[in-house]
Amino acid sequence: EAWQSEFEKYKQIPEFLVENPDMELAGFKVIYFWEWIHRLLGRLIGLAFAIPFAWFALKRAIPKGYGWRLTALLILGGMQGVIGWWMVTSGLTERTDVSHFRLATHLLMALVILGALVWTALDLRLLASNQSKPSKLTLFGVVVFVVLFLQLLFGAYTAGLNAGHVAKTWPLMHGSFTPAGIDWTTDLWNKLNNDPRVIHFIHRWWAWITVGFLIALAMRIRSQSKKASAAIHSTYGVQILLGIATVMTGVNINFAVLHQAVGALVVISTAWGVHILGRELQQTEA
């Protein structure tokens, strides 16, 4: 009876009415599971951070200068839950899916938190090895982060607008370098944010600009850490292959999920590399 009650609620929203009118209870249980497990894992992540943080705070064991940073990370984690609900509500009344702007906000917030966690962990590791000063963010590091952020943004747009289905061919899109039938001279801002063909095109080719910056980053830090350099090369290499595979298989769900997961690994390896650049700056200043 409880399952049927939840299913009846789902039957009232556009996704069921337009896309899944033939869905039965068994199918509803499948999509319900993925939403439920995602929310449960989100709560577990929050507890995994909040409980040890509270314990070490009570023990006065948090290093000086890190209390505010860890508090900020905890607040961002809570905000991520709010953003997730804000995203979900966009698909409950008029749309058959969630807003791609809200989806992008939710995904990018997750990746920002991930990068900040990695950076903080690396700073604490430096502190534990008697290097008291945290790493500094260099100008080149900022540029790398901005370039990667734009690629991730258009990746989120691609997912939110199902833009991966625009073309199943690579490197050309239906025999053309640029998507056919687009007037690039009018309302460019709207196209950049809402046209699946333009968004697919940008995500496909901005990737190579991103790779160029990541190669430069990996080369700069190689003398400091061959492991970090190899991690950057490995993650962007696998990510490019998965992106191509996702396109050429018509957005096969397995490739698409792996593409998103390795995107998170790209963020981790990039944060690691940029952090090493900041360590070099500290050593130069010293």
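Student: At what angle do the axes of helix 5 and helix 6 cross, and within what distance do they come?

Tutor: Bear in mind that this is a predicted model. The axes of helix 5 and helix 6 cross at roughly 140 degrees and come within 9 Å. The crossing of helix 5 with helix 6 is right-handed.

Student: Which residues of helix 5 and helix 6 meet?

Tutor: From helix 5 the contact takes in H100, F101, L103, A104, L107, L108, L111 and W119. Helix 6 brings F145, F149, L152, L153, A156, Y157 and G160. By class, 13 residues of this contact are nonpolar, two are polar and none is charged.

Student: Now the other pair. How are helix 8 and helix 9 oriented to each other, parallel or antiparallel?

Tutor: Angles over 145 degrees count as roughly antiparallel. Helix 8, residues 196-221, packs against helix 9, residues 226-248, at an angle of about 165 degrees, with the axes 9 Å apart. The two helices are therefore roughly antiparallel. Their crossing is left-handed.

Student: What residues make the contact of helix 8 with helix 9?

Tutor: Among those in helix 8 are H200, R204, W208, L214 and I221, and they are part of a set that meets residues of helix 9 including A228, H233, Y236 and V247. This contact has 13 nonpolar residues, three polar and one charged.

Student: Where do nonpolar side chains tend to be in soluble globular proteins, buried or exposed?

Tutor: In soluble globular proteins, nonpolar side chains tend to be buried together. Here the largest nonpolar core has 38 residues. Those with the most contacts inside this core are V144, L152, Y157, L214, L217, I221 and I232.

Student: Which helices supply at least two residues of this core?

Tutor: Helix 5 (100-128), helix 6 (139-160), helix 8, helix 9 and helix 10 (253-285) each do. Helix 8 gives the largest share, 10 residues.

Student: What does L214 touch, leaving out residues up to four places away in sequence?

Tutor: L214 touches V144, I232, Y236, V266 and T270. There is also a second, separate core of six residues, with F7, Y10, I13 and M23 among them.

Student: One last residue. How exposed is M79?

Tutor: M79 has 38%, so M79 is partly exposed. M79 lies in helix 4, residues 67-89. The C-alpha atom of M79 is separated by 8.9 Å from that of M109, 30 residues apart along the chain.

Note on methods
Residues numbered from 1 in each chain as written. Predicted model: local features only at pLDDT ≥ 70, side-chain atom pairs only at ≥ 80, totals over all residues. Heavy atoms only, no water. Axes fitted to C-alpha atoms, helices over the stretch in contact; angles between N-to-C directions. Helix = DSSP H or I, 4+ residues; strand = E, 2+ residues; numbered from the N terminus. Parallel < 35°, antiparallel > 145°, perpendicular 65-115°, else oblique. Left-handed = near helix turned anticlockwise from the far one by under 90°. Contact = heavy atoms within 4.5 Å. Nonpolar A, V, L, I, M, F, W, Y, C, P; charged D, E, K, R; others polar. Core = buried A, V, L, I, M, F, W, Y, C linked by side-chain atoms within 4.5 Å. Buried < 20%, exposed > 50% of the residue type's maximum accessible area, 1.4 Å probe, protein only.
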